[in-house]
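Have the 3D view open as you read.

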Amino acid sequence: MEFATFADRVAAIDAESADLEIVAHVRDLFADAGDDLPVVARFVQGRVFPAWDSTTLDIGPNTCYEAIARAAGTNVDADDVEKRLAERGEIGDVAASYDFGGQQGLGAFTGGGGDSTGSSGGDLTVREVDDTLTELAAAEGAGSQDRKVDLLFGLFNRCSSSEARYLARLVLSEMRIGVGEGTVRDAIAEAFDAPEDRVERALQVSNDYGQVAQVACDEGVSGLDEIELELGRPVQAMLAQAGTVTDALEEWDEAGVEWKYDGARIQLHHDPDGQTRVFSRNMEEVTDALPEVVEFAAETLDEPVILDGEVVAIDEDENPLPFQEVLKRFRRKHDVAKAREDVSVRPVFFDCLHAGGTDLLEAPLTSRHERLELVLAAGPGQPQDRDQDQNQDQDSAEIDGLSLLWLTDDPDEIEAIDADALTAGHEGIMLKNPESAYSPGRRGKNWRKRKPDVETLDCVVTGAEWGEGRRATFLGTFELSVRDGDDLETVGKVATGITDEKLEELTELLDPHIAAEEGQNVELEPAVVFEVGYEEIQASPTYSSGYALRFPRFVGVRYDKDPEGADTLERLRNLQ
Ligand code: AMP
């Protein structure tokens, strides 16, 4: 297809605002694209490379301004282009405003498929643009920026104003013609008479709109159904939305509960006889930055797998460090060995998308997790002789790199898992529908991160318990009360969200106010006010207020407040 034809069709789409009409235009474009269909399917979305491919053109706006300026004539420079951009606000408009062509020079002979006449005219093809941009992306090392400008100049030099408009937008990733992934899916379905859900599945699995369009065209639905995950080609990560324990238990028979690790998402593709590659949440390759993950895979995995997980930074005692520490490692391109000395990372996997030649995206979470456990347990360092009679969690807990999955319908058990997660230094918990498939790129209800507390309450601390073991000298599990006139009525106990250091500080603060002690239980005179977060307030006979805070967590001490300033039972009722 000539690039001029592509540009005209895209201009028609650009001028259209109705979604259905846009789909119809894209459908017709696909139907007419012939052999260039894969390229057209990407270009129309403003993509030069497939979504799974982390190759970039690696050109800044200035490279593009310079190429435009050079093609526009000797009296134009990059500053002029930038000035025009400030006036017009959009690079496509700027590119279209120049009269290109006929600029002789090195670029005219080296770029854009070698149109050595330097004349502008509608002979540039979509394929040539694609080939040139691929060559441009591959340029590296000394002089590569000049080479990129030359190649881009070679293309602009052969563009009409409409072609230049969309070429400029394409190379700067600013296509913005209202064609999103959904439009392309619908257009492929319409153009090649395939059901949308089958196109959708093929897109999710391959992440390659060009390939899916071509297969739909050449082989129809049966071809689409045969598209499978491929090692080395990342899949979009399934995403979570915020949610509460209450909602999860209402909607599902049981909730799958996992710790939420505070790190960075990774997708590991490992082939014991081939490559190990690691991708980020955005499907960028991060293999070189995370040698620990590659080593983990080599030591632990003995079959081809695609695993989904989190990479967490750890200190010398293997305790998790904050997320910022992971980021320092994650984006590191140089001196990785040195960076590794400062902060090391370890992977934790919570899902298995492919194992031993089988795709598992459509299998329920519980089966995928069982497979994950088997995959990880196979490593030489892992417990091999798993005694069937032993507690499952105990067994799984020993498997390095495995994120545990608990299945429960008991809110108190979920609370305990949450408390353990926080005590172990993690972010909290994820709630997952045990029956759900893996939906790449979806932020649905099947994965929920427990909602952060929206409101907090200021409660008087009226009691506590001495801890056990290494916490025996600390007060913990603090009883919380609200005011009701001159009285204080209990609403719950908080033991979650408090570090050992903080417990020590709180013990010092509360010790002078101990009014009575019985066994581990301590009665406190009202003196100290805690700010606490919670998930919800429930009517409950357990506490004297008649209410209970669900999932209370310690936020801080209100040093600025005395008990008279604490929240009241009336506020509690209003918040319920
Ligand atoms: P957020 O980034 O706040 O939207 O939370 C979702 C992110 O939590 C995911 O993208 C993962 O990177 C991370 N995460 C940590 N632990 C888990 C887990 N057990 N299951 C799923 N995602 C997790």
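Predicted model: local features only at pLDDT ≥ 70, side-chain atom pairs only at ≥ 80, totals over all residues.

## How the helices pack

Start with helix 11 (residues 181-192) and helix 13 (residues 209-225). They pack at an angle of about 15°, and their axes are 9 Å apart. That angle falls under 35 degrees, so helix 11 and helix 13 are roughly parallel to each other. Helix 11 passes helix 13 in a right-handed crossing.

Helix 11 has another partner, helix 2 (residues 19-32), and here the angle is about 55° with the axes 8 Å apart. This pair is therefore oblique, and the crossing of helix 2 and helix 11 is right-handed.

Helix 2 also packs against helix 1 (residues 3-14), with an angle of about 165° and axes 9 Å apart. Since anything over 145 degrees counts this way, helix 1 and helix 2 are roughly antiparallel to each other. Helix 1 passes helix 2 in a right-handed crossing.

## The largest pocket

Where does the largest pocket lie? Both domain 2 (239-449) and domain 3 (455-575) give residues to its lining, so the pocket lies between them. The space in it comes to about 630 Å³.

In total, 28 residues line the largest pocket, and T477, K493, V494, A495 and T496 lie nearest its centre. Elements giving two or more residues to this lining are helix 20 (411-423), strand 11 (456-466), strand 12 (475-484), strand 13 (487-494) and strand 18 (547-550). Helix 20 supplies the largest share, five residues. By type, the lining of the largest pocket has 13 nonpolar, eight polar and seven charged residues.

## The second largest pocket

Next comes the second largest pocket, at about 510 Å³. Its lining is made of 26 residues, with K260, G263, R265, R281 and E310 nearest the centre. Two or more lining residues come from each of strand 1 (239-243), strand 2 (255-260), strand 3 (264-270), helix 16 (323-330), strand 9 (428-432) and strand 10 (443-450).

How many of the lining residues are charged in the second largest pocket? There are 11 charged residues, alongside 12 nonpolar and three polar.

Technical notes:
Residues numbered from 1 in each chain as written. Heavy atoms only, no water. 1 Å grid on protein atoms, 1.4 Å probe; cavity = no way out; pocket = protein on both sides within 12 Å on 5 of 7 lines; lining within 4 Å. Points joined across faces, edges and corners; volume = space filled by probe spheres on them. Helix = DSSP H or I, 4+ residues; strand = E, 2+ residues; numbered from the N terminus. Nonpolar A, V, L, I, M, F, W, Y, C, P; charged D, E, K, R; others polar. Domains from an automatic or database assignment. Axes fitted to C-alpha atoms, helices over the stretch in contact; angles between N-to-C directions. Parallel < 35°, antiparallel > 145°, perpendicular 65-115°, else oblique. Left-handed = near helix turned anticlockwise from the far one by under 90°.
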